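Subject: Handover of a structure, with notes

Dear colleague,

Please find the structure below for your study. My notes follow directly after it.

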Amino acid sequence: MLKKYTVEYSQQFRKHHPPEHHSYFTDDPIACEEFIEELLERGMGLHAIKHEGADLPKVDFDRMVKIAASEAAAKLICHSLNIKADEVRHRFGFVA
């Protein structure tokens with residue numbers, strides 16, 4: 001059975017060769033967003049997000065990346081400023 005979400009990514013360690021693509025599979029949209037957040041935090045390449053085998057429309061792709069980036073930024077701010085998630089939301093508008 002096909003998983004609902006597939007994320008195609010690369011580690012991007014090689015600059016002069018095409019990166020080797022890997023795939024992550026899940027049925028949970030939250031787990032998918034958390035995985036994308038990890039990719040962003042580690043500077044890895046994000047090549048595609050698919051839902052039930054088809055590429056997500058650009059609007060949905062961008063929304064998932066924006067959510068993941070917002071969560072990553074909120075965590076970094078919490079850690080760097082040593083403040084709680086509520087204060088990050090109030091001061092910076094990011095939800096952790």
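I begin with V95, which lies in the segment after α3 (85–92). Helices here are DSSP runs of H or I with at least four residues, strands are runs of E with at least two, and both are numbered from the N terminus. The model is a predicted one, in which local features need pLDDT of at least 70 and side-chain atom pairs count only at pLDDT 80 or more, while totals for chains, interfaces and linings use all residues. Residues are numbered from 1 along each chain as its sequence is written, and side-chain values use heavy atoms, with hydrogens and water left out.

Is V95 buried or exposed, or something in between? V95 counts as partly exposed because its relative accessibility is 45%; buried means under 20% relative accessible area, exposed means over 50%, and partly exposed lies in between (1.4 Å probe, protein chains only). Leaving aside neighbours within four places in sequence, V95 is in contact (heavy atoms within 4.5 Å) with S70, E71, A74 and R89. The C-alpha atoms of V95 and A74 are 6.2 Å apart, although 21 residues separate the two along the chain.

Helix α2 covers residues 58–81, 24 residues in total. The buried residues of α2 are M64, V65, A68, A72, A74, I77 and C78, and they pack against α1 (29–42), β3 (45–51) and α3. Just after α2, N82 takes a positive phi of about 55°.

In helix α1 we find E33. Why does E33 count as buried? The reason is that its relative accessibility is 9%. Not counting residues up to four places away in sequence, E33 touches R63, M64, I67, A68 and E71.

Lastly, the nonpolar cores. Such a core is a set of buried Ala, Val, Leu, Ile, Met, Phe, Trp, Tyr and Cys residues joined through side-chain atoms within 4.5 Å. The largest one has twelve residues: Y5, V7, Y9, C32, F35, I36, L39, I49, L56, M64, V65 and A68. At least two residues of this core come from each of β1 (5–10), α1 and α2, and α1 gives the most, with four. Apart from this core lies another, of five residues, including A74, I77, C78 and I83.

Yours sincerely

Note on methods:
The expected span of a helix is 1.5 Å times one less than its number of residues.
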